[in-house]
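Hi,

Here is the structure I said I would pass on.

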Amino acid sequence: MIEFTVILLIKTLVVFGVSMLIVAYSTWIERKVLGLVQLRHGPMRVGFHGLLQPLADGVKGFMKEEVIPDNADKPVFIIAPIISIAAALSLLVIIPFGDTVTIMGRKITLYLTDLDIGILYVLGISTIGSYGAMLGGWSSGNKYGMMGALRAGAQMISYELSLALAVISVVMVTGTLSLVGIVESQAGLWNIVKQPFAFFLFIICGLAEINRTPFDMPEAEAELACGFNIEYSSMKFALFFMAEYCHMFVFGTLVTTLFLGGWHGPLLPGPVWFFIKTFLVVFFCVWERSTFPRYRYDQIMELGWKVLLPFGLLNIVLTGLWMVIFNI
């Protein structure tokens with residue numbers, strides 16, 4: 001029992017330590033890529049090519065003056081960024097970063113836990129994460145924050161349905177709700193081949209769920225001056241900032257797990273393949289931000305309800321017919 005507890009504690013520290021490091025340097029990668037796309041250098045002042053910029057930003061964020069508006073709902077205002085970052089970190093618990101390794105004669109799994117209802121856990125916790133943006137905007141006592149909160153709520157409802165439909169089709173072909181089981185079922189053929197439409201549906205809806213361009217309506221700097229987090233400063237703003245990039249990293253791990261074969265790949269160790277695939281998804285999230293313009297609010301609603309939702313339902317029907325015809 002003691003040995004199990006010690007191993008679990010070490011794995012937890014490694015998972016959250018490495019994840020926080022990746023989250024910190026995702027900000028550096030994004031600023032560098034955006035700089036290259038816009039023909040400028042990006043961060044260059046702090047360390048070699050700005051490598052220490054994430055640390056400087058973190059210190060600055062946590063050391064700045066804390067401001068809470070007089071008309072804010074203070075308890076909700078304070079707890080909202082905690083909800084956002086806690087939900088993102090909670091999702092890391094069930095991500096399978098690899099299969100097993102043997103260390104000092106002990107076989108150790110490269111995931112913290114394998115829930116039989118892992119997919120339901122992901123859908124439930126990711127929904128809770130969206131409440132951070134909604135509560136933060138509502139409690140700030142600012143009209144722009146309120147509009148950002150309303151947009152966050154509408155966008156979450158509109159795209160989470162289609163996201164769930166994409167996940168259901170994956171569950172149908174793999175026959176399990178466990179993330180480890182889904183990865184093991186892709187040993188021969190990845191789900192991106194079996195479910196290409198579900199893959200694109202998951203990518204589009206996932207970008208909307210994590211408020212990335214072109215679906216960043218809850219923030220929309222040009223219209224709402226940062227929207228739901230307009231009144232946040234210092235540590236609370238830093239928590240929202242960390243939550244955004246943590247959600248992007250978790251989104252990359254989920255795409256890798258559900259559609260890109262997880263840790264499966266030739267020659268290289270499984271965890272290496274897992275992080276290569278995850279990095280490619282994160283890079284896509286950065287690249288598309290510099291490529292696509294932001295949709296209007298009505299365009300986002302129309303895309304979600306009139307295009308993605310019907311096609312998600314159609315994909316489930318076609319998947320069912322395919323399984324019946326070929327007796328899968």
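Asn142 counts as buried at 17% relative accessibility (buried means under 20% relative accessible area, exposed over 50%, and partly exposed in between, with a 1.4 Å probe and protein chains only). Asn142 sits in the loop between helix 4 (118-139) and helix 5 (143-174). Helices here are DSSP runs of H or I with at least four residues, strands are runs of E with at least two, and both are numbered from the N terminus. Leaving aside neighbours within four places in sequence, Asn142 is in contact with Gly137, Ile230 and Glu231, where contact means heavy atoms within 4.5 Å. Arg212 is 70 residues from Asn142 along the chain, and their C-alpha atoms are separated by 23 Å.

Before you go further, a word on what you are looking at. This is a predicted model, in which local features need pLDDT of at least 70 and side-chain atom pairs count only at pLDDT 80 or more, while totals for chains, interfaces and linings use all residues. Residues are numbered from 1 along each chain as its sequence is written, and side-chain values use heavy atoms, with hydrogens and water left out.

Now the overall picture. The chain has 12 helices and 2 strands, and along the sequence they come in the order α-α-α-β-β-α-α-α-α-α-α-α-α-α. The radius of gyration is 20 Å, close to the 20 Å that the globule rule gives for 328 residues, so the chain is as compact as a globular protein of that length. (That radius is taken over C-alpha atoms, and the rule is 2.2 Å times the number of residues to the power 0.38.) Along the principal axes, the C-alpha atoms fill a box of roughly 60 × 55 × 45 Å.

Of the 328 residues, 48% count as buried. If you take contacts between residues at least 6 apart in sequence, 76% of them join residues at least 24 apart. The accessible surface comes to about 16100 Å², and 72% of it belongs to carbon and sulfur atoms; these areas come from the Shrake-Rupley method with a 1.4 Å probe, and for residues only the protein chains shown count as cover.

On to the inside. The largest nonpolar core has 52 residues, and Leu179, Phe202, Phe251, Val255 and Leu258 touch the most other members. (A nonpolar core is a set of buried Ala, Val, Leu, Ile, Met, Phe, Trp, Tyr and Cys residues joined through side-chain atoms within 4.5 Å.) Helix 10 (residues 234-259) gives the largest share of this core, 10 residues. Another core, of 10 residues, lies apart from it and includes Phe77, Ala133, Ala152 and Met156. If you click on Leu258, look for its contacts with residues beyond four places in sequence, including Ile119, Val167, Leu179 and Phe202.

At 7% relative accessibility, Ser234 counts as buried. Met235 is in helix 10 too, but at 39% relative accessibility it counts as partly exposed.

You will find Leu39 in the loop between helix 1 (2-37) and helix 2 (53-63), exposed with a relative accessible area of 81%.

Two last stops. Leu89, in helix 3 (residues 74-91), is partly exposed with a relative accessible area of 23%. Gly188 is in the loop between helix 6 (179-184) and helix 7 (191-194) and counts as exposed, at 76% relative accessibility. The C-alpha atoms of Gly188 and Trp287 are 30 Å apart, and the two residues are 99 apart along the chain.

Cheers
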